[in-house]
Amino acid sequence: MAMAVAEARLRQEKVKKFEDFVDRRLKPDLVNAIAQRDNLFQQQKTFLDLKKNIENLEKNGVTSMRSMVNLGSEVYMQAEVPDTRHIFVDIGLGFHVEFTWQEALQFISVREARLARQIDEYTHLIASIKAQIKMVCEGIRELLQLPAE
């Protein structure tokens with residue numbers, strides 16, 4: 001009888017350790033990986049929008065334009081761009097590089113390929129973390145000797 005009680009207590013301690021591992025390590029890792037992948041999706045969308053805008057400028061032969069620019073806190077100002085043949089592209093870390101349309105399109109295609117690889121890596125990482133969570137939950141179920149769901 002005392003042996004069964006000690007075994008049940010040991011089993012409960014193991015279950016608690018597994019649950020803590022899932023809650024304190026795997027779930028935060030999963031949330032972080034999903035957030036990182038979502039950030040990459042947003043960057044990918046930004047570059048796709050820029051590519052479409054450049055292609056529209058080229059197709060329509062636009063060399064100057066007027067636009068509304070957000071100054072911050074939803075305050076806008078009208079701006080005039082006298083020469084659209086050169087644009088500044090954010091290349092990361094707060095740096096902007098002046099490109100011609102063709103140079104910008106080349107940079108965008110390289111950046112899109114890199115982003116696609118990173119998104120794929122995060123997708124695999126997310127699947128791996130989910131599999132680990134499922135495996136730990138299955139271990140907990142076996143420790144508690146519950147029927148499979």
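Select Lys-27 and Asp-23 to start: both belong to helix H1 (residues 2-60) and sit four residues apart, about one turn of the helix. Helices here are DSSP runs of H or I with at least four residues, strands are runs of E with at least two, and both are numbered from the N terminus. The model is predicted, so local features need pLDDT of at least 70 and side-chain atom pairs count only at pLDDT 80 or more, while totals for chains, interfaces and linings use all residues. Residues are numbered from 1 along each chain as its sequence is written, and side-chain values use heavy atoms, with hydrogens and water left out.

**Salt bridges**

Stay on the opening pair. The side chains of Lys-27 and Asp-23 form a salt bridge, 3.5 Å from N to O. The term requires a side-chain nitrogen of Lys or Arg within 4 Å of a carboxyl oxygen of Asp or Glu, and by this rule there are nine salt bridges. Lys-27 is partly exposed at 41% relative accessible area, and Asp-23 is partly exposed at 44%. Buried means under 20% relative accessible area, exposed means over 50%, and partly exposed lies in between (1.4 Å probe, protein chains only).

Next, select Glu-112 and Lys-51. Their closest N and O atoms are 3.9 Å apart, in a salt bridge. Glu-112 lies in helix H2 (residues 101-144) and Lys-51 in helix H1, so this pair ties together parts that are 61 residues apart in sequence. Glu-112 counts as buried at 17% relative accessibility, whereas Lys-51 is partly exposed at 27%.

Then go to Arg-85 and Asp-83, a salt bridge with its closest N and O atoms 2.8 Å apart. Arg-85 is partly exposed, with a relative accessible area of 47%; Asp-83 is also partly exposed, with 30%.

**Aromatic rings**

Select Phe-47, Phe-99 and Phe-107, which ring pairs link into a cluster. The structure holds two aromatic pairs. Rings of Phe, Tyr and Trp (its six-membered ring) pair if their centres lie within 6.5 Å; planes under 30 degrees apart count as stacked, over 60 as edge-to-face and the rest as tilted.

**Helix H2 again**

Ala-104 is in helix H2 and is buried, at 0% relative accessibility.

**The strands: patch and pocket**

Select Val-69, Leu-71, Val-75 and Met-77, a nonpolar surface patch with about 360 Å² of accessible area together. Patches take residues with over 30% relative accessible area and no salt bridge, joining like charges within 9 Å and nonpolar side chains (Val, Leu, Ile, Met, Phe, Trp, Tyr) within 5 Å. Accessible areas come from the Shrake-Rupley method with a 1.4 Å probe; for residues, only the protein chains shown count as cover. Strand S1 (65-72) and strand S2 (75-81) each supply at least two residues of the patch. Leu-71, in strand S1, is exposed at 55% relative accessibility.

Finally, show the lining of the second largest pocket: Leu-57, Met-65, Ser-67, Met-68, Val-69, Ala-79, Val-81, Thr-84 and Ile-87. S1 and S2 are the elements that give two or more residues to this lining, and S1 has the largest share, four residues. About 160 Å³ of space lies in the second largest pocket. On a 1 Å grid over the protein atoms alone, a pocket is an open set of points where a 1.4 Å probe fits, with protein on both sides within 12 Å along at least five of seven lines; lining residues have an atom within 4 Å of a point. Points are joined across faces, edges and corners, and the volume is the space filled by probe spheres set on them.
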